[in-house]
Amino acid sequence: FLTVPLLLLETVAVLALAAAVQRNLLMKLVPAAALMIGLGYPGDAQLNLLYQGDASLWGLLSTIPFLYILYVLFVELGKSLERQSAAVQRKIKELRLLLLAT
């Protein structure tokens with residue numbers, strides 16, 4: 001519950017966005033990251049708390065906030081492109097592709 005939200009915080013910090021935009025972005029990303037981890041843990045630990053089946057349901061449930069995180073980051077990174085220099089635009093485009101690939 002600590003490393004993924006901190007990684008998202010670092011990712012947002014390096015974008016050099018306005019403070020209000022950063023705050024708004026983090027209010028979306030950090031709860032989604034906690035939800036992703038919380039939903040994935042029972043499947044990873046092979047706990048049968050609510051569902052008496054295999055771990056695939058927990059994996060599917062934790063994928064939903066993960067896809068939301070990817071969507072938010074991809075859209076917000078895209079919005080910041082117009083305010084950046086050509087070199088930074090290239091790096092942000094590469095970062096967006098890396099996010100999708102990983």
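The protein chain has four helices and zero strands, where helices (H or I, at least four residues) and strands (E, at least two) are DSSP runs numbered from the N terminus. This is a predicted model, in which local features need pLDDT of at least 70 and side-chain atom pairs count only at pLDDT 80 or more, while totals for chains, interfaces and linings use all residues. Residues are numbered from 1 along each chain as its sequence is written, and side-chain values use heavy atoms, with hydrogens and water left out. Along the sequence, the pattern reads α-α-α-α. The C-alpha atoms of the chain fill a box of roughly 55 × 25 × 20 Å along the principal axes.

Two packed helices are described by the angle between their axes and the distance between the axes. Here axes are lines fitted to C-alpha atoms, for helices over the stretch in contact, and angles run from 0 to 180 degrees between N-to-C directions.

Helix α1 (residues 3–13) packs on helix α2 (residues 19–44) at an angle of about 155 degrees, with the axes 9 Å apart. That makes α1 roughly antiparallel to α2 (angles under 35 degrees count as roughly parallel, over 145 as roughly antiparallel, 65 to 115 as roughly perpendicular and the rest as oblique). In the contact (heavy atoms within 4.5 Å), α1 contributes Val4, Pro5, Leu8, Leu9, Val12 and Ala13, and the α2 side includes Leu25, Leu29, Ala33 and Met36. By class, this contact has 13 nonpolar residues, one polar and no charged; Ala, Val, Leu, Ile, Met, Phe, Trp, Tyr, Cys and Pro count as nonpolar, Asp, Glu, Lys and Arg as charged, and the others, Gly among them, as polar.

Next comes the pairing of α2 with α3, whose axes come within 7 Å and cross at roughly 160 degrees. That makes α2 roughly antiparallel to α3. Among the residues in contact are Leu25, Leu29, Ala33 and Met36 of α2 and Trp58, Phe66, Ile69 and Leu73 of α3. The residues of this contact divide into 17 nonpolar, three polar and two charged.

The axes of α3 and α4 come within 10 Å and cross at roughly 170 degrees. These two helices are therefore roughly antiparallel to each other. Leu70, Leu73, Phe74, Leu77, Gly78 and Ser80 of α3 meet Ile92, Leu95, Arg96, Leu99 and Leu100 of α4, a set with eight nonpolar, two polar and one charged.

Finally, there is the largest pocket to consider. Its lining residues are Val4, Leu7, Leu8, Thr11, Met36, Phe66, Ile69, Leu70, Leu73, Leu95, Leu99 and Thr102. On a 1 Å grid over the protein atoms alone, a pocket is an open set of points where a 1.4 Å probe fits, with protein on both sides within 12 Å along at least five of seven lines, and lining residues have an atom within 4 Å of a point. Helices α1, α3 (56–80) and α4 (86–101) each give two or more residues to this lining. By class, the lining has ten nonpolar, two polar and no charged residues.
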